[in-house]
Amino acid sequence: MLKRLAGCIREYKTASILSPVIVMLEVVLECILPFMTAELVNEIQGNCDMNVLLRYALLLVLMAVLSLTCGALAGHFCATASCGFAKNLRKDLFYNVQRFSFSNIDKFSTSSLVTRLTTDVANVQMAYMMLVRTAFRSPFMMIFSFIMAFYMGGKMAWVFVVVMPILAFGLLMIARKAMPIFRKVFRKYDNLNNSVQENIQGMRVVKAFVREEREGEKFAAASEDVAADFTRAEKILALNNPLMQFCLHIVMLVVIFFGSQLVISSNSTALTVGQLSALLTYGMQILMSLMMLSMIFVMLTMSAESARRIVEVLDEGSDIVNPENPRYEVADGSLDFENVSFKYSKKAEQYALQEINLHIRSGQTVGIIGGTGSSKTTLIQLISRLYDVSEGSVKVGGVDVREYDVETLRNQVAVVLQKNVLFAGTIKENLRWGNLEATDEELIHACKLACAHDFISQFPDGYDTHIDQGGTNVSGGQKQRLCIARALLKKPKVLILDDSTSAVDTHTDAMIRKAFREEIPGTTKLIIAQRISSVEDADQIIVMHGGRIDDVGTHAELLARNAIYQEVYTSQNKGGAEDGEE
Amino acid sequence: MAKNNMRPPIKVPKGTLMRVIRQLFKDYPVHLTVVVVCLLITAVSSTMPAIFMGRTVTLIEQALAAIAGGTAPAAALESVFGGIVQIAVTLLCIYAVSLTCSFTYNRLMAIVTQGFLNKMRQRMFKGMQKLPIRYFDSNHTGDIMSYYTNDIDTLRQLVSQSLPNMITAMVVIVMVVSIMLYYSVWMTLLVFLGVIAMTFVTKKVGGNSARYFVRQQQSVGKMEGFVEEIMNGQKVVQVFCHEEESKKDFDRLNEQLFKDAESANRFANMLMPILSNIGNVLYVAVAILGGALMILGVPNLSFSGLPLTLAAVVPFLNMTKQFTGNISQISQQVNAVVMAQAGAARLFALMDEQPETDEGYVALVNCREEDGKIIECKERTGMWAWKHPHQADGSVTYTKLAGDVVLDHVDFGYVPEKIVLHDVTLYAEPGQKVAFVGATGAGKTTITNLINRFYDIADGKILYDVININKIKKADLRRSLGMVLQDTNLFTGTVMENIRYGKLDATDEECIAAAKLANADNFIRRLPDGYNTMLTANGANLSQGQRQLLSIARAAVADPPVMIMDEATSSIDTRTEALVQQGMDRLMKGRTVFIIAHRLSTVRNSDVIMVLEQGRIIERGNHEKLIAEKGKYYQLYTGAFELE
């Protein structure tokens, strides 16, 4: 996991290394400073002349300026290193998601991916910042202060050797006790927030069933639970401060009590007054460093969960990859399914598709009919390699889809998805997803084919009308037609409509199919539909049932012999017809 | 309804911080009083060692002077030993007290911080439950969520660290300044000079940092929005091979965020070394000044009137250190306080939102009929009545719930400027099945939003069993209306729990019966754990059609007097839909049902069909009548056969 993360440092390696190096310089200066001031104090005591004082002063100010420069530089490099690391993490995450296949996408929800890109990366960034700055600073500071303390204070410095293990042990115990609680409660906290989100999204249901109070009680209980755990953990952490103070106090007492005696009994030879106060400064520095170390320890463990979640996405390899020598040419729009079986994951018990054999000639129009859960969508997703077959082979233009360059294949096989999305931007921008170089004439032509031109022209801004995120400002039927136009702009050899005209009224629906027949006769058209009227004029109609092909035939043939088709037909035409409006 | 695309910029009203503190003290008066007292004691006692250090140095100087005068070191030590012991013992006592206080307040603050956050969360959530649907329609879920995640987190830092730190630092500064004045005014003035420099730097550097932190927040928001949109449409991105384009867009936003974050952190990181080194320089300057004053023999000006000696200079130097340390402490909290203020301002804005009002007084009760009289009862009888108290004479009358709904010349718009329903009048007689058909945006769903008072009408009136619905308690009104909504929302929990949401005390058998009625039993039994299968993330493991069947079961178990089904079967294939309809017809026999659909097969067997166009009812009647009229409905209906 660490290796994976470290791989994202890249161009920020220099800053990441410079930062701790400069920090160490800073530490050296910080440790010499008290030593020098101790000398200065002794000089004052000795009633020396002003020149000596000023020389010391100059030296000290110089050191302070140097230390400031180091500190500022370290801060600068540290900011660059940590923010750059975070930037690369986000980039790698996003790029990897772009590589995802459909089955990869199915594994992660949108909100969990967004959290990983924001909150989790921010946590890791914080931890990294601590790491390059404080994690080197503290141990170094501790060692250096120790040396200085022994150098100056001699025997007096032994007090640190006694106190330090006490503090270290105490801090370790506190961290070890608190961490498991924290880990547990963070998960609970996530769940709590998830339930809030659920509540907000389902507010109409909550209000319709008058469940506001119950939801409030449920939330209160969960929130209390989280608070209780947090309090428990923080109460343990609250021991940190008093423990630290206790150790400081001991140092203070020992230094004042024994130190002062030492100064007197040795007549300032073993220890001077200036060194006495310097010893206190070093003591402070040593203990503070320990405290910081324990904080880093806590921080790192806390961010470990975030790191794990990030690596989980980074490690998710796409299961659909280009072959070694891909084909960049699709001969025609013929489709063949040969003994195709498919299941969504290797572990799944049931096959979503079984023993599919199907042959469609280039330019044919094919309808697909079947109940909820009969795997119609699954069938067509295999054609543009949105998923790979488990067994058998799917061929486009007589060649197995796995032999094509994925981008070539997907550009030649255009799918209008059932759950379709428009993106924030103008209508033109949305349409150009199909073809970045499309001219305005091409856009208009595609929209005319999809019966979208008329309503677009009625908007005040026409093709420059702004679409809100998710396409909320156009109606369902309008959205579907825009999505069809977008797919048409690819000029594909195979066009697949997955229930893409369900919100379009039957008349317009028929107009679109007519346009298809007349304007793009060479393109193979696959149409999944709920209503019979959408498919009844197709060259062949496939009836799906429970992941198998139940029957294939024309409208007349199926109406004569297929029970499922007959039932669907009657349910929609009992003495009349079906559907209307958008 | 248009949603606000960006979170509004933060406007922090004056007194936000005070409001947090007031609320804090209101919630934990005893805890906090103890905390403040403990803080004061620890702060004061933390300045004591400096004084005792000074005394020790005085003793040492005495002894050293004696040695210089010829006394043996041992004898000299003997003479001051008593003083040293006294200092040590006094310090020990002070430490014991301060340690106890420190322990107490740290523990208490753990309780207060988490308790306060808990209380705030609950206040927010409970307040949020009372907000009108309008609020949820006009705000993004993500934006509301960030109250619970980002904004409340800023309070944690404020309460647990910033406030106690600032109190301590302030007390220490006051103490230190008075002690410094006690020793030497000249040197204190020099320290003040240093403080001015530090404040200046904090303002400059800290201000820069805060400005970039705000920018960083905005960049995060922008990137979050972009990522959310792209990830939501990830499958479309793949289908159109649009990966490279979205990578380009992402890189641009990512780079911006990096720049802002880098600047913000750079300034924040620099503040501490700069301040601590100003502190160092100040320390040196004070030492030099002290030395100079002593060497040159300048008369000392101090509150104690003592002359300037090493015994004054050494503690003074220590105090300078403490002083600058505390100033740095405060400056470190500047960012946290600025962010917390912004966070708190947003939280308070949420809590101050106007809740849904309810001035209704007519209640829904179970009842039974005896000798033609309606008698209220506790148990469920399948009969309901409206209990209508009359204020004038204190009497109570009962009206039997029949399901008679009348919309009388109703006008309505989600925003006053844009009326979406014009002069709608309709009658739903008890036991009727009333259907609405029409295009998206024709106002079908809006009508149901008005009947259950998710929104209130602008003009006209709605009568329910001849009672104006404004007089009915909202909760009772909604309880009387079973709703199956267009967007199915299931909750985390088992399938059984989700069905039981409709009626909390329903037995397993009742839930299963409802599932059977909704034709959901079949697929539920095929799920890995049957009725005990856990549903997560709004039932992501189910198909849209299955989710719809479950939400119908959920409404069915409530067994309501009136039912509204808004596109309840839109994703269910027509064969299954017919079966569901049979079940629902059985359940709702003799009760009023409203159906909204764009699929005509769904509404065909309704008693009355209303055809809506642009907020007006343009046709009404049953299927046969409308067909005979050869109007819009006829056109829609026969559209299927008009295939050129």
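In chain A of this predicted model, four strands make up an open sheet whose order is β2-β1-β4-β5, with antiparallel pairing. The edges of this sheet are β2 (353-360) and β5 (399-400) of chain A, each of which pairs on one side only. Chain A as a whole holds 19 helices and twelve strands, and its assignment divides the chain into two domains, namely domain 1 (2-314) and domain 2 (335-374 + 384-573).

- Strand β1 (residues 335-342) of chain A runs antiparallel to β2(A), and the two are joined by five bridges.
- Within this pair, A:Leu335 of chain A has A:Ile360 standing opposite in β2(A).
- Strands of a sheet pair through backbone hydrogen bonds, and the pairing may be either parallel or antiparallel.

**Overall form and domains of chain A**
- The radius of gyration of chain A is 36 Å, whereas a compact globule of 582 residues would have a value near 25 Å.
- Taken along the principal axes, the box filled by the C-alpha atoms of chain A is roughly 120 × 55 × 50 Å.
- The centres of domain 1 and domain 2 of chain A, taken over C-alpha atoms, are separated by 56 Å.
- Of the 582 residues in chain A, 51% are buried.
- When contacts in chain A between residues at least 6 apart in sequence are considered, 79% of them join residues at least 24 apart.

**A covered strand in chain B**
- Strand β10 (residues 481-484) of chain B is covered on both faces, with B:Leu481 and B:Met483 buried on one side and B:Gly482 and B:Val484 buried on the other.
- In a regular strand the side chains alternate between the two faces of the sheet.
- The partner of β10(B) in a parallel pairing is strand β13 (residues 562-566) of chain B, and four bridges connect the two.

**The contact between chains A and B**
- Chain A brings 125 residues to the contact, and chain B brings 134 residues.
- On the side of chain A that touches chain B, helix α3 (residues 50-99) of chain A gives the most, with 25 residues.
- The residues on this side of chain A comprise 55 nonpolar, 50 polar and 20 charged.

Terms used
Residues numbered from 1 in each chain as written. Chains lettered and ligands numbered in written order. Predicted model: local features only at pLDDT ≥ 70, side-chain atom pairs only at ≥ 80, totals over all residues. Rg over C-alpha atoms; globule rule 2.2 N^0.38 Å. Buried ≥ 20, exposed ≤ 12 C-beta atoms within 10 Å, placed from the backbone. Contact = placed C-beta atoms within 7 Å. Pairing = 2+ DSSP bridges. Domains from an automatic or database assignment. Nonpolar A, V, L, I, M, F, W, Y, C, P; charged D, E, K, R; others polar.
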